Amino acid sequence: MPVNQPTPLQHAFRRDGYVILRNFLPVAMREEIAAALERYIVETLPRLDSRHQFYEDVKRPETLKQMCQIMEHEPYFAELMSRDTFRGLAEELLDDEVFLHECEWFDKPPAQNSPTPPHQDGFYFPIEPNEALTMWLAIDPADQDNGCLRYMTGSHHRGLRPHSRTQTLGFSQGISDFNQVDQQTEQCIELEPGDLAVHHSLTVHRATRNESGRHRRGLGLIYFAQRAKFDKMAQESYHTELFEELRRAGKI
Ligand SMILES: O=C(O)CCC(=O)C(=O)O
């Protein structure tokens, strides 16, 4: 059987560990998603516990910085992740059928915010092989002033790196040997609303603080390749332990 040639997108994704798709969504669709997120914050979030909503300061609602497992609480987001626009792209890039793992929302609120430590999403995923991707859909413009994502080009080729605990809520693990070589390959990923950045689960990435006085909101969609075997029990026990620790520290 002839081996298929990679598509241009697959080629770039395999080479760099990420791709950027400008103007990925038409205006109407990105407005629909932004409105669904606003509704979620007003109507759904208040009835969820502290494992699903992280604040820079738990006493200040305006410092909401992350919402997790959105698709489990609002069917719209599971349906969104299943749309061919996103799922089809994930299948093309991973060259496999995919499993919808998680839908998360991120902000770096102007009121108070912290940098995102350098990490690989795959460190959080108990999967083998580590074949997954994250899509980061810009809701606001993201630039160097408000803490856009920064990708280390080609870093996914070097496998899973050592991580250690950070003090950053929502990003409990950071690469412990992040170094100059990483920094030399760093690309700032400036995005406009409706642009999509997609990174492999082994791609090292980070973000600086938001110094701009503007929001920097994005929606994260995570897909696992079907060939990646997922150890759900390992993930659940990690989360139970982590949330217990955060609760004891008064962070959630
Ligand atoms: O939004 C951020 O600062 C980090 C997001 C991230 O690490 C991810 O989507 O994998």
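Q: How many bridges join strand β3 to β4, and which way do the two run?
A: There are 2 bridges between β3 (residues 64–67) and β4, and the strands run antiparallel. Keep in mind that we're looking at a predicted model.

Q: OK. In β4, which residue is the bridge partner of Gln66?
A: That's Phe106. Phe106 also turns up among the residues around the ligand.

Q: And how many bridges join β4 to β14?
A: 8 bridges, and that pair is antiparallel too. One spot to look at is Phe99, whose bridge partner in β14 is Phe224.

Q: Is β4 largely enclosed or left open?
A: Largely enclosed by the rest of the structure, because 7 of its 9 residues are buried.

Q: Switching to helices: which residues of α5 are buried?
A: In α5, which spans residues 84–94, the buried ones are Phe86, Leu89, Ala90, Leu93 and Leu94. They cover an arc of only 115° around the axis, which means they sit on the same side of α5.

Q: So what's exposed on the other side of α5?
A: Asp84 and Gly88.

Q: What covers the buried residues of α5?
A: Several elements do, including α1 (8–16), α4 (75–82), β12 (196–200) and also β4, β7 and β14.

Q: What happens just after α5?
A: Asp95 comes there, and it takes a positive phi of about 55°.

Q: New topic. What's the strand order in the open sheet of 4 strands?
A: It goes β5-β13-β8-β11, with antiparallel pairing.

Q: How many bridges join β5 to β13?
A: 2 bridges, with the strands running antiparallel. His119 stands opposite His205 in β13 there.

Q: What kinds of residues make up the shell, by class?
A: You get 4 nonpolar, 5 polar and 1 charged.

Definitions and conventions:
Residues numbered from 1 in each chain as written. Predicted model: local features only at pLDDT ≥ 70, side-chain atom pairs only at ≥ 80, totals over all residues. Near = placed C-beta within 6 Å. Nonpolar A, V, L, I, M, F, W, Y, C, P; charged D, E, K, R; others polar. Buried ≥ 20, exposed ≤ 12 C-beta atoms within 10 Å, placed from the backbone. Arc of directions from axis to C-beta. Contact = placed C-beta atoms within 7 Å. Pairing = 2+ DSSP bridges.
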